[in-house]
Amino acid sequence: MDPLNTAPLPADHFMPRTDAPTPDLAVATRGLMKRYGRQIALTGLDMSVPTGKVYGFLGPNGSGKTTALRLLTGLLRPNAGTISLFGKPYTWHDWTRLFRVGSLIETPSFYPYLSGAENLDVLSASGPPTDKRRIDQVLEYVGMSGRAKSPIQTYSLGMKQRLGIAAAMLSDPDLLLLDEPANGLDPGGMVAMRETLRYFTAELGKTVVISSHLLHEVEMLADVVGIIDHGRLLREGPLHDLLEAAGRVRVRVAPEDMTKAAAVLREFAPDRPLYGVDSGDQAGWFTVGIAPARAAEINRALVGAGIYAAGLEPGSDLESIFLELTGRTGTVAAPPTAEPGPPPMGLPQ
Amino acid sequence: MRLIRAELLKARRRTMTWVLLTVALVLMGLSYLLIGLGMSALRGSGSDFGLGILEFPAQYATIGQFAFGIGGLLATVYVAALVGSDWNWGVLRNVVARGESRANYLLAKAAGLAIVLGIGMLIIFAAGILMVFLAGLVFNVPVSNPLRGRGLQDLAENLVLGYPVLLQRAALGFAVAVVMRSQLAGSVVGIALWLGESFLTTVLTVISIPNNLGGFIDGGIQQIGPVWYQFLPISIGGYVLNVLPGGSGLVSAAAGGGLQGLFLKPVPLELALPMVLIYLAVAIGVAIVALNRQEIV
């Protein structure tokens, strides 16, 4: 199996590469470029968000995710390139096109001296005509009805985040752009958000773009992912296809066996990086870059080394794809050296 | 209308609205307390001087100093704070991302603030008239009926001509806050421009005094002008306020009006009022152009 290709996807993979109308896409950007002075934030972004899906927009800090979302919402002007919203070209001056878009860009921003409900009331006065009853409805969606009359300055970060999501849904938009929506949410809030967004797409046929660095969260929610780094889209496509195409086997061992297991697993794909998770609820998982059909060989080799696998499954996880594409830390060793240094993720020595 | 209503809600719920109105009212109350105490002292000494001081429309000039003079300065700070906070709190991002026209948003904000300032002006005038009567009652000084003769017309002229001046001065803070994208910068620069113009016009008036000397030798000060610095934003408003019933040079003192009144010919109302309106329109226009060009990060 070839290593993951870090070049942009070919023309026939997922999206049309022309400026032609894109009726099946809620968002399409072509050659989108943005500079802040001398610093280039986006270097020709080609992004295609299919209608009615959850699109996970992934990238390391500073990769250009937020800049892209700002461009989509008319906060910034692109230096080059085009944007299409719902199949029609969108420019800086077509502000009414945003009537169908709800967004939460960066941190949720509100008037601190107004209550949550008052903030939504004030916000509903701008943009598309919004029914006042919708305010109660979205507050209910995000579980904030009980605190709707409290001033924002008394809210926790998670509550502000919930209100930000409510604000994004205020005008019943066809497209939701959410920048790090899980920030500050407690586990219950994250589950609720996931269910709400699922309902939003599956039941109402709306489109959601989530920019996030929480790969596990995106993996559970997204239908399609786009991975961006240095202002360029490295990979885009249905999540299932990406995971399948990665050609990997995931194996879980006891955390105390990880160092020993790493030595065994490296032998299977000496020219490809080996990923291991040494902490959290995913601790003990390795991702090995070999064909899933060879999973039994791995099990046999581990048993031969006195290690018993607690889990073995074909496919990949989003994190390993992300790390390999972006070239960030997380590899155990690739390829192994005679005297390996300390693993980037702090794998036990 | 939706946006204007929202602006009114924001202004009503903001503490600063009530704090600044209270400041203006307290200062006016202190002023009438001092006036009353002064008159009591004079009466105690057996002097009749100043007994007619609580007469209208003269008292409109005193109230106007708080509504348009100090009130104008407070309005500059207030408007700058309310407009600039949209950047500081990041709420402008929400509005633009919802597809609202930037120009519409600013115009609605300007209209909403104009209504708030108008209400503030009415409250100050109503409270001022009440304070005149209270001062008369407490210090046993006769007060003339403010509605007697031309009273109502005088009051209306004060309000109708003073209001554009108040708005124009506030618009200075509005434009600065939008251009600089900050409530603090808007307030500070607004005050600095106000004080800076006052200082500049005073200095330039002093420099012009030798030009008056010819008339002085002939037995009086010969006023010159109008000169260019009388048309600066704060000064020009002073010339509108000066012609108000009961008005005096004191009202325009914020722009060195005392000296200007002595050495410079006043700018006629027919010229001063249009200039005030032009400044108002230009300030709002500058703000709209600036916002339309700005990238919001």
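With which residue does A:Glu297 form a salt bridge? The partner is A:Arg294, and the closest N and O atoms of the two residues are 3.3 Å apart, where a salt bridge is taken as a side-chain nitrogen of Lys or Arg within 4 Å of a carboxyl oxygen of Asp or Glu. A:Glu297 is partly exposed, with a relative accessible area of 32%, and A:Arg294 is partly exposed at 31%; in these terms buried means under 20% relative accessible area, exposed over 50%, and partly exposed in between (1.4 Å probe, protein chains only). Salt bridges that share partners also join A:Arg100, A:Arg134, A:Asp172, A:Asp174 and A:Lys206 into one network.

The model is a predicted one, in which local features need pLDDT of at least 70 and side-chain atom pairs count only at pLDDT 80 or more, whereas totals for chains, interfaces and linings use all residues. Residues are numbered from 1 along each chain as its sequence is written, chains are lettered from A and ligands numbered from 1 in the order in which they are written, and side-chain values use heavy atoms, with hydrogens and water left out.

The interface of the two chains is described next. In this model, 40 residues of chain A are in contact with 30 residues of chain B, contact meaning heavy atoms within 4.5 Å. The size of an interface is often given as the accessible area lost when the parts come together. Chain A and chain B bury about 2,900 Å² between them, with 52% of it on carbon and sulfur atoms; buried area is the accessible area (1.4 Å probe) that two parts lose on being put together, summed over both. Of the area that chain A buries against chain B, 23% is supplied by A:Leu75, A:Tyr111 and A:Tyr113, more than by any other three residues.

Across this interface, 21 residue pairs are found in polar contact, both residues being at pLDDT 80 or more; a polar contact is a pair of N or O atoms within 3.5 Å, of which, within protein, one must be able to donate a hydrogen and the other to accept it, and residues adjacent in sequence count only if both atoms are side-chain atoms. On the side of chain A that touches chain B, β1 (25–36), β6 (101–104) and α2 (116–124) each supply at least two residues, with helices (H or I, at least four residues) and strands (E, at least two) being DSSP runs numbered from the N terminus. The largest share of that side, 5 residues, comes from α2(A). There are 4 salt bridges between chain A and chain B, and B:Arg5 forms a salt bridge with A:Asp121, with the closest N and O atoms 3.6 Å apart.

B:Glu100 is found in the loop between α4 (91–97) and α5 (102–138) of chain B. A polar atom of the B:Glu100 side chain lies 2.7 Å from the backbone nitrogen of A:Gly127. When neighbours within four places in sequence are left aside, the contacts of B:Glu100 include A:Trp95, A:Ala125 and A:Ser126 from chain A, and B:Leu3, B:Val95 and B:Tyr105 from chain B.

Over all chains of the structure, 19 salt bridges are found. In one of chain A, the side chains of A:Arg198 and A:Asp223 meet at 3.4 Å, N to O. Because A:Arg198 lies in helix α5 (residues 187–203) and A:Asp223 in the loop between α6 and β9, the pair ties together parts that are 25 residues apart in sequence. A:Arg198 is partly exposed at 29% relative accessibility, and A:Asp223 is partly exposed at 25%. A:Arg198 is also touched by A:Met220, as is A:Arg194, not counting residues up to four places away in sequence. A:Met220 is placed in helix α6 (residues 215–221) of chain A.

A further salt bridge joins the side chains of A:Arg250 and A:Glu313 (2.9 Å, N to O). This pair links distant parts of the chain, A:Arg250 being in strand β11 (residues 249–252) and A:Glu313 in strand β14 (residues 311–314), 63 residues apart. A:Arg250 is buried at 8% relative accessible area, whereas A:Glu313 is partly exposed at 31%.
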